[in-house]
Amino acid sequence: MNYQQALQKYIEATNSHDFNNVKKVLHENAVYWFTDKSCVNLEEIQSYFENAWHTIKDEVYAAKDVEWVTVDQKTASCIYTYHYEGYYNGKFVTGSGRATNIFVKNNDYDDWKLIHEHLSSL
């Protein structure tokens with residue numbers, strides 16, 4: 001799997017609404033920065049994801065205008081506009097913001113893991 005496929009797999013895992021799927025693409029030392037909170041371990045990240053899925057029902061997350069800003073043998077960083085849609089209190093809602101993802105290559109398994117995500121609303 002290359003780094004572009006790793007991003008796609010991450011988006012698919014997020015849209016599964018099952019953190020076990022998301023966890024498969026995360027580095028064990030992943031750190032997330034959200035607009036309202038920083039999560040510095042997998043337990044905090046899981047809690048944040050599960051709360052979001054509970055709050056926005058049937059959420060669909062997408063990455064648009066992905067730009068890979070740095071790529072080398074072991075790291076790949078991208079920026080994009082994220083979009084989401086789903087149901088909040090029974091009403092259809094949409095939103096978007098800015099995202100930065102950093103992936104690192106796990107040489108033992110020749111795959112890429114997400115080690116950092118920074119999301120901010122517009």
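1. Let me begin with a question: is lysine 113 buried or exposed? In this predicted model, lysine 113 is buried, with a relative accessible area of 16%. That value falls below the 20% under which a residue counts as buried. Lysine 113 belongs to strand β6, which spans residues 111-121.

2. What does the side chain of lysine 113 meet in a salt bridge? Its partner is the side chain of aspartate 111, at 3.8 Å from N to O. The cut-off for such a pair is 4 Å, and the count for the model comes to one salt bridge. Aspartate 111 is buried as well, with a relative accessible area of 16%.

3. Please also look at the backbone beside this lysine. The backbone oxygen of lysine 24 lies 2.4 Å from a polar atom of the lysine 113 side chain. So the side chain of lysine 113 has a salt bridge to aspartate 111 and this polar contact with lysine 24, while lysine 113 itself is buried at 16% relative accessible area.

4. Next comes helix α1, which runs over residues 3-16. Its 14 residues reach 20 Å from the first C-alpha to the last, close to the 20 Å expected at 1.5 Å a residue. At the start of α1, a side-chain oxygen of asparagine 2 comes to within 3.0 Å of the backbone nitrogen of glutamine 4. After the helix comes histidine 17, with a positive phi near 60°.

5. Which residues of α1 are buried? They are Tyr3, Ala6, Leu7, Tyr10, Ile11, Ala13 and Thr14. Viewed down the axis of α1, these buried residues fall within an arc of 165°, so they line one face of the helix.

6. On to the aromatic side chains, where the count comes to ten aromatic pairs. One of them joins phenylalanine 19 and phenylalanine 49: the ring centres are 5.7 Å apart and the planes meet at 65°, so the pair is edge-to-face. Because phenylalanine 19 sits in helix α2 (residues 19-23) and phenylalanine 49 in helix α3 (residues 42-55), the pair ties together parts that are 30 residues apart in sequence. Both phenylalanine 19 and phenylalanine 49 are buried.

7. Phenylalanine 49 also pairs edge-to-face with tryptophan 53, at 5.5 Å centre to centre and with 75° between the planes. These two residues are four apart in helix α3, which means that about one helical turn separates them. The relative accessible area is 7% for phenylalanine 49 and 9% for tryptophan 53, so each of the two is buried. A single aromatic cluster takes in Phe19, Tyr32, Phe34, Tyr48, Phe49 and Trp53.

8. Last, the nonpolar core. How many residues does the largest one have? It has 28, and those with the most contacts inside it are Tyr10, Val22, Leu26, Tyr32, Ile45 and Phe49. At least two residues of this core come from each of α1, α2, β1 (26-33), α3, β4 (75-88), β5 (91-106) and β6 (111-121). The largest share, six residues, is supplied by α1.

Methods. Residues numbered from 1 in each chain as written. Predicted model: local features only at pLDDT ≥ 70, side-chain atom pairs only at ≥ 80, totals over all residues. Heavy atoms only, no water. Buried < 20%, exposed > 50% of the residue type's maximum accessible area, 1.4 Å probe, protein only. Expected span 1.5 Å × (residues − 1). Arc of directions from axis to C-beta. Polar contact = N/O pair within 3.5 Å; in protein donor to acceptor, adjacent residues only side chain to side chain. Phe/Tyr/Trp six-rings, centres within 6.5 Å; stacked < 30°, edge-to-face > 60°. Core = buried A, V, L, I, M, F, W, Y, C linked by side-chain atoms within 4.5 Å.
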